[in-house]
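I opened this notebook to log what I looked up, entry by entry. The structure comes first, then my notes.

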Amino acid sequence: MAKQSVLVVEDEELMRSILRRLLEGSGYNVFTADSSETALEIFPGNDIAVTLTDIKMAGMDGLQLLDRIKAADAEAMVIIMTAYSSVDSAVAALRKGAYDYITKPFVNEDLLQTVRNAILQRELFHENRALRRELNKQYTFTEIIGQSESLQKVFSVVQKVADTNVPVLIQGESGTGKELVARAIHFNSGRAAKPFLAVNCGALPESLLESELFGHTKGAFTGAIAEKKGLFRSASGGTLFLDEIGEMPLPLQVKLLRALQEHEVTPLGSSSPVKFDTRIIAATNKDLEAEVAENNFREDLFYRLNVIEILLSPLRERRDDIPLLVRHFAAKSARNQNTEEKNVTPHAMSALLNYGWQGNVRELENAIERAFILSGDEIDVESLPPRIRSNAEHTFPAVDTAAFRPTLEETERQYVMKIMADVDGDKTEAARILGIDLSTLYRKLKRYEDI
Ligand SMILES: Nc1ncnc2c1ncn2[C@@H]1O[C@H](COP(=O)(O)OP(=O)(O)OP(=O)(O)O)[C@@H](O)[C@H]1O
Ligand SMILES: [Mg+2]
């Protein structure tokens, strides 16, 4: 592990050298400054983990230095050194955001312990931020990858409906990203801080599904040893995702319709209905209109759920998304395994472009995950599953390989959006990394909206 750097700011030369020896002896990289002014020159650009500063100094004092450092980096760790007689000013320093203070003279071990704690605290800050960023990224648009016209339409519908409360019905073959879209709607809505709960309507027997959804009172039936709220109420304020809605038994469809109309449910064993405020998103891989025609699905419920309809087309019908998805999943594998990213050879890419993808994006994701593990420095055609390797050239007409060479503008857009995601949407920081003015960044972002 790289050495952590500590900056010591102290106007007494003897004290400076004592601190230098103590800290270097404990494995730190030490910078020293004899004034706040010098410290402010050292601080930027040296990745200082902890600043240890005296309070009383000629010129700018330790408290003013603290202000300046905190203004430059709100997460900076500053420890104040003060004489026992002026603990008051140390308390003032804590109020201004110092991490801790130590009184002079100090016990060496105490000082080292305080520095260690500060470093630990700083690492926790950074870890938390990284985790938060991961969480945010998981469900935002940046994680639904695709440039095809059909997916662009989906994006715009998601954006428009997110903040309304109308029911949404998402239809598409297995693995096309229905759940991903449902989450995107939820996490881009005002309900994002409230629960997103999902239930697979095809996975539970009718009676169990009924009590899952609508809840039951204590003793409502044998085995109902405690009251159960039910998903409609548990997700209140948030979103309930009814997956495989086409599998819902007809008697429950009646109950569901009533719940949607009245915005209330009556738990099993109870006679009094309870209100809920839950957004409903349903999904199915069946052709629900055909199910209606065959009397397997209630027409009135279909229209209730289908206020907004989102159709996710099969991957084989939007092949221009394949190269982006391939790169996305390869990068994800690299992240998961903590290794370098790998290139995909043109031959492998052409096999991927030509395959049938009956399992849609999920099948592609699995194929790339596997290929990433099996391949050497590059993902080549040999690392792909045999069915993809062998069927490739014949099953579908070959796609012009030029089609997956993005334009300069597209490449720029992707890079800019990647940086935006990396910095949590902080435009000032993104502009700094990209080396452009904030106004230029704004202009670019505005233009990408129109692409
Ligand atoms: N456009 C996309 N960009 C990135 N990842 C995607 C995309 N579409 C799907 N995926 C990924 O593919 C996998 C399958 O997606 P998801 O579970 O949303 O599909 P589904 O339509 O709900 O499938 P099923 O009908 O089988 O439940 C998930 O890991 C999801 O993250
Ligand atoms: Mg699903």
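**Entry: a loop asparagine.** I began with N188, where a polar atom of the side chain lies 2.7 Å from the backbone oxygen of A184. I log that as a polar contact, meaning a pair of N or O atoms within 3.5 Å; within protein, one must be able to donate a hydrogen and the other to accept it, and residues adjacent in sequence count only if both atoms are side-chain atoms. N188 sits in the loop between helix 7 and strand 7. Helices (H or I, at least four residues) and strands (E, at least two) are DSSP runs, numbered from the N terminus. I find N188 partly exposed, at a relative accessible area of 28%. My classes are buried under 20% relative accessible area, exposed over 50%, and partly exposed in between (1.4 Å probe, protein chains only). I also looked up V161, 27 residues away from N188 along the chain; the two C-alpha atoms are 9.5 Å apart.

**Entry: ground rules.** This is a predicted model, in which local features need pLDDT of at least 70 and side-chain atom pairs count only at pLDDT 80 or more, while totals for chains, interfaces and linings use all residues. Residues are numbered from 1 along each chain as its sequence is written, chains are lettered from A and ligands numbered from 1 in the order in which they are written, and side-chain values use heavy atoms, with hydrogens and water left out.

**Entry: ligand 1.** I then checked individual atom pairs. A backbone N or O atom of I145 is 2.8 Å from a nitrogen atom of ligand 1. K178 places a polar side-chain atom 2.7 Å from an oxygen atom of the ligand. For R362, an N or O atom in the side chain is 2.8 Å from an oxygen atom of ligand 1. On its own, ligand 1 has 640 Å² of accessible area, and the protein covers 85% of that. Those areas come from the Shrake-Rupley method with a 1.4 Å probe; for residues, only the protein chains shown count as cover.

Entry: I traced an open sheet with strand order 7-8-11-6-12 and parallel pairing. Two strands pair if DSSP finds at least two bridges between them. Strand 7 (196-200) and strand 12 (308-312) each have a single partner strand, so one side of each lacks a neighbour in the sheet.

Strand 8 (residues 239-243) pairs with strand 11 (residues 279-284) over four bridges. There T239 stands opposite R279. Strand 6 also pairs with strand 11 over four bridges, with Q171 opposite T284. Strand 6 and strand 12 share five bridges, and L169 has E309 as its bridge partner.

Is strand 6 (residues 168-172) enclosed or open? Five of its five residues are buried, so the rest of the structure largely encloses it. V168, I170 and G172 point one way, L169 and Q171 the other.

**Entry: helices.** Helix 14 (residues 346-354) has seven of its nine residues buried, among them M349 and L352. In helix 15 I checked E363. E363 counts as buried, at 13% relative accessibility. The side chain of E363 makes a polar contact with that of Y355, at 2.9 Å. N336 lies in helix 13 and is exposed, at 55%.

Entry: K104 and P105 are joined by a cis peptide bond, with omega about 0 degrees. P105 is in the loop between strand 5 (100-104) and helix 5 (108-139).

D47 is not a glycine, yet has a positive phi of about 45 degrees. D47 lies in the loop between helix 2 (36-42) and strand 3 (48-54) and is exposed, at 58% relative accessible area. H263, also not a glycine, has a positive phi of about 55 degrees. H263 is partly exposed, at 46%.
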